[in-house]
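Please read them with the viewer open.

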Amino acid sequence: MSAADAFVADGLSLSFGGLKAVSGFSLRLGAGELKGLIGPNGAGKTTVFNLITGVYAPDAGTMAIGGDSLLGLVPHDITRRGIARTFQNIRLFRDLTVLENVLISFHMRIGYGYVSALMRLPSFYRVERENRDKAMALLALMGIEDRASTAARNLCYGDQRRLEIVRALATDPKVLLLDEPAAGLNSSEKVQLMKTVAEIRSRFKVAILLIDHDMKLIMGICERITVLDHGEIIAEGAPRQIQEDPKVVEAYLGVS
Amino acid sequence: MRFRQPLVGLLAVGAIWGLGFLLESNLNAYIVRVIVNCGIAFILAMSLNLVNGCAGQFSLGHAGFMAVGAYVSAALTTLVPWAFFQSSVGVGVAVVIGATFAGVAGYLVGLPSLRLKGDYLAIVTLGFGEIIRIVFLNIEAVGGPRGLPGIPSRSDFFWVFIWVFATFLILGRLIRSSYGRVILSIREDEVAAESMGVDVTHYKVVAFAISSFFAGVAGGLFAHYQGFIDPNSFNFNRSVEVVIMVVIGGMGSLTGSILGGLIVTALPELLRVFEKYRMMIFPAILIVMMLVRPRGLLGHFEIWDLLPSFGRLRRRPVSRLKESVTK
């Protein structure tokens, strides 16, 4: 493993009973790399995300971030080590405000204790103010800062997707996993999303692993793409290579 | 600025003392008793609200933790031959010790049971509540089924409402801090909270322990108001009563819990004019309320969220918002 690798997974496998959901999944993400993960429905893309974030424990294989093993860690510990994610089916804190949704991500590094919170000591106000400013800056990046005091459930669909990304970014990740961030967006929103993802990557120096079905989006912004089918990697390479790979064509279109 | 907090606190204590003095000298003992019982109900409802309303974990064993607070504090003031514990301050100390035991009991019960969800959690907490009651039923030293008489009647309007004020302040500030936001996020979506770095199990147990602590406070105050406790004071019905308060008032709303406590405690008294029919009318009112307002009277909101904004209160660091109120 080279020191430049932000995240390395090697031979991750998971079975549900007799079904091999993922087998022998290996992945290297360089620092600041933007990689696509594609595959037909049911290929195991989201399962890979769930393995990396600790929702499932792999049956075999290893994974590490910056050289530290992530095996056996629970999801919140993995987030603390620097892996953040969004969800395919949006999972916001619906009854909390947009701002509160972002503030929750700061909690794992909160700079005051119970006593300070209950006595309302100066540190409480200082940290709350700092976090609020940080959260507003992140919301502004996505252009939803004017919605800060709205309940998350009242946001329009596109803004909900954006809030999911902001919330994940707020955990200050080294690796960001985006699970179909463009799902349900219209084409102009998708173009904007592509720009935002590129900007996030350059500004936060974060490695991004992106799942999506929109080939134009994936081919447009990812340097390298990994293709999954039936839980196995069938191709890996630059977008052009992937488009021409006979195995990929077969997985998507079937054999003629 | 620096002295504002202690000053406001001192004013509140003075106001409670003055109000207590006025009420106790002008109203008849029955009405004062109802008001004090309301105060104890407020503490119970606000504390359960932290678990059922804020953290979204349905607990049905609140009476058990109230029993721990009541029995431990009453045992100190009746069985320990030390005059200090019969004094007003001594009883206060005993109540805090009893509540601490209740908090620890909550922590120990919460640790295994909060890994369960929904109906299963309700059943397990119900079970633990009953276990605690039956343990006291079988301890001869505290009277077993005959109960524990002769507890010094030291809590009165003043002490009960000092605790109501303290509970309101502590839980209110907790909820409007990062710790409270995290507890709310567990109610909203556990999986997402975990993914944002929140140790969900830890905060569930913390919420449960804090909630049990204040249930213990309510128990201690109750014991030293009644002067007599027996295991039956803390049976399943009591737990259900507190759940009703929280649900009626609005899950997650502190002022809603107070409203719920007021309704559940005072309404049966007001309905005494209907004599034997009152226990039919009371549930009917509850059913109608749930049909008309299924999220409780206040829902997630506090009373001041629903009033036109009045300046200072809205400057809180984490404000709940008007826009969402209209929805």
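The points below go from conventions to chains, then to the interface and local details.

1. Conventions. This is a predicted model: local features need pLDDT of at least 70, side-chain atom pairs count only at pLDDT 80 or more, and totals for chains, interfaces and linings use all residues. Residues are numbered from 1 along each chain as its sequence is written, and chains are lettered from A and ligands numbered from 1 in the order in which they are written.

2. Chain A, overall. Chain A has ten helices and ten strands (DSSP runs numbered from the N terminus: helices are H or I with at least four residues, strands are E with at least two). Its radius of gyration is 19 Å, close to the 18 Å from the globule rule for 256 residues, so chain A is as compact as a globular protein of that length. The radius is taken over C-alpha atoms, and the rule is 2.2 Å times the number of residues to the power 0.38. The C-alpha trace of chain A spans about 70 × 40 × 35 Å along its principal axes.

3. Chain A, burial and contacts. Of the 256 residues of chain A, 45% count as buried. The cut-offs: buried means 20 or more other C-beta atoms within 10 Å of the residue's own, exposed means 12 or fewer, and partly exposed lies in between, with C-beta atoms placed from the backbone. Among contacts in chain A with a separation of 6 or more, 66% join residues 24 or more positions apart. A contact needs C-beta atoms, placed from the backbone, within 7 Å.

4. Chain B, overall. Chain B has 14 helices and zero strands. Its radius of gyration is 20 Å, close to the 20 Å that the globule rule gives for 327 residues, so chain B is as compact as a globular protein of that length. Its C-alpha atoms fill a box of roughly 55 × 50 × 45 Å along the principal axes. Of the 327 residues of chain B, 49% count as buried. Residues 24 or more positions apart supply 80% of the contacts in chain B with a separation of 6 or more.

5. The interface. Classes: Ala, Val, Leu, Ile, Met, Phe, Trp, Tyr, Cys and Pro are nonpolar, Asp, Glu, Lys and Arg are charged, and the others, Gly among them, are polar.

6. Helix H3(A). Nine of the nine residues of H3(A) are buried, so H3(A) is largely enclosed by the rest of the structure. These buried residues pack against H5 and H6 of chain A, together with H7 and H8 (190–195) of chain B.

7. A:Leu155. This residue is in the loop between H5 and H6 (157–169) of chain A. A:Leu155 is buried, with 20 other C-beta atoms within 10 Å. Not counting residues up to four places away in sequence, A:Leu155 touches A:Val98, A:Arg147, A:Thr150, A:Gln160 and A:Leu163.

8. H7 and H9 of chain B. H7(B) (178–188) and H9(B) (200–226) pack at about 110 degrees, with axes 10 Å apart. That makes the pair roughly perpendicular (65 to 115 degrees; under 35 is roughly parallel, over 145 roughly antiparallel, the rest oblique). Axes are lines fitted to C-alpha atoms, for helices over the stretch in contact, and angles run from 0 to 180 degrees between N-to-C directions. B:Val182, B:Ile183 and B:Ile186 in H7(B) meet B:Val200, B:Tyr203, B:Lys204 and B:Ala207 in H9(B). By class, this contact has six nonpolar, no polar and one charged residues.

9. H6 and H9 of chain B. H6(B) (157–175) packs with H9(B) at about 170 degrees, with axes 11 Å apart. The two are therefore roughly antiparallel. B:Trp159, B:Val160, B:Trp163 and B:Thr167 of H6(B) make the contact with B:Phe214, B:Val217 and B:Leu221 of H9(B). The class count is six nonpolar, one polar and no charged residues.

10. Backbone check. Most residues other than glycine have a negative phi. A:Arg120 has a positive phi, near 55 degrees, and is found in the loop between H4 and H5 of chain A. A:Asp172 also has a positive phi, near 60 degrees. Its place is the loop between H6 and strand E7 (175–179) of chain A. With 17 C-beta neighbours inside 10 Å, A:Asp172 counts as partly exposed.

Definitions and conventions. Contact = placed C-beta atoms within 7 Å.
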